[in-house]
Amino acid sequence: EEIKVFHTRSGNRLAEANPPNSTTSKCKVKELFRGENTQKTGTVIGFDLDCDGIVDSELRTPYDQRQPIQYVVDRNDDGRPDVIVFDMERKGKWKFSFWDNDYDGQWDLVGFHDDGSLKASRYESYDKVNSELARKK
């Protein structure tokens, strides 16, 4: 339900870039699929965000309780995720996200969801975060 509300809000909600096919006020987020994933390791809910009849985002919930829930978005309809948001503790609180803003298949930003909402509170360079994590090892 939070995902549907998130998509109906106005304003830039996708990091520093608007999606190529922005949702308009006439377009309502529509659930296109609900069921088990192809690997039979969890459930998937597929949403059409821009009324083109194609799944643009998925809520992925693994059966393995140790795995995070993921919200995955394909903002430019190329079949590859451009945003992945993680609920690490599976408690309905989003923790962090990865963003590919130039659609080259490489993560550009890490979003931090300090208040647990789907909208990131702040962003940092993926390379910077990755370097900091490597130094801590």
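Visitor: What is the mean pLDDT of the protein?

Guide: This is a predicted model, and its mean pLDDT is 86, with 82% of the residues reaching 70 or more. Confidence is highest in strand 5 (residues 83–87), at 97, and lowest in helix 1 (residues 2–8), at a mean of 60.

Visitor: Where does pLDDT stay under 50?

Guide: That applies to residues 10–24, for which the model has 29 contacts beyond four places in sequence. Where pLDDT is low, the predicted coordinates should not be read in detail.

Visitor: Why is the pairing of Arg 60 with Glu 58 called a salt bridge?

Guide: The closest N and O atoms are 2.8 Å apart; the cut-off is 4 Å, so the pair qualifies.

Visitor: Why does Arg 66 count as exposed?

Guide: Its relative accessibility is 71%, and exposed means over 50%, so Arg 66 belongs there. Arg 66 meets Asp 64 in a salt bridge of 3.0 Å, N to O, and Asp 64, at 27%, counts as partly exposed.

Visitor: How do you know that Asp 78 and Arg 80 form a salt bridge?

Guide: Their closest N and O atoms are 3.4 Å apart, which is within 4 Å. Elsewhere, salt bridges that share partners join Asp 114, Arg 122, Glu 124 and Lys 128 into one network.

Note on methods: Residues are numbered from 1 along each chain as its sequence is written. This is a predicted model: local features need pLDDT of at least 70, side-chain atom pairs count only at pLDDT 80 or more; totals for chains, interfaces and linings use all residues. Side-chain values use heavy atoms; hydrogens and water are left out. pLDDT is the predictor's confidence in each residue, from 0 to 100. Helices (H or I, at least four residues) and strands (E, at least two) are DSSP runs, numbered from the N terminus. Contact means heavy atoms within 4.5 Å. A salt bridge is a side-chain nitrogen of Lys or Arg within 4 Å of a carboxyl oxygen of Asp or Glu. Buried means under 20% relative accessible area, exposed over 50%, partly exposed in between (1.4 Å probe, protein chains only).
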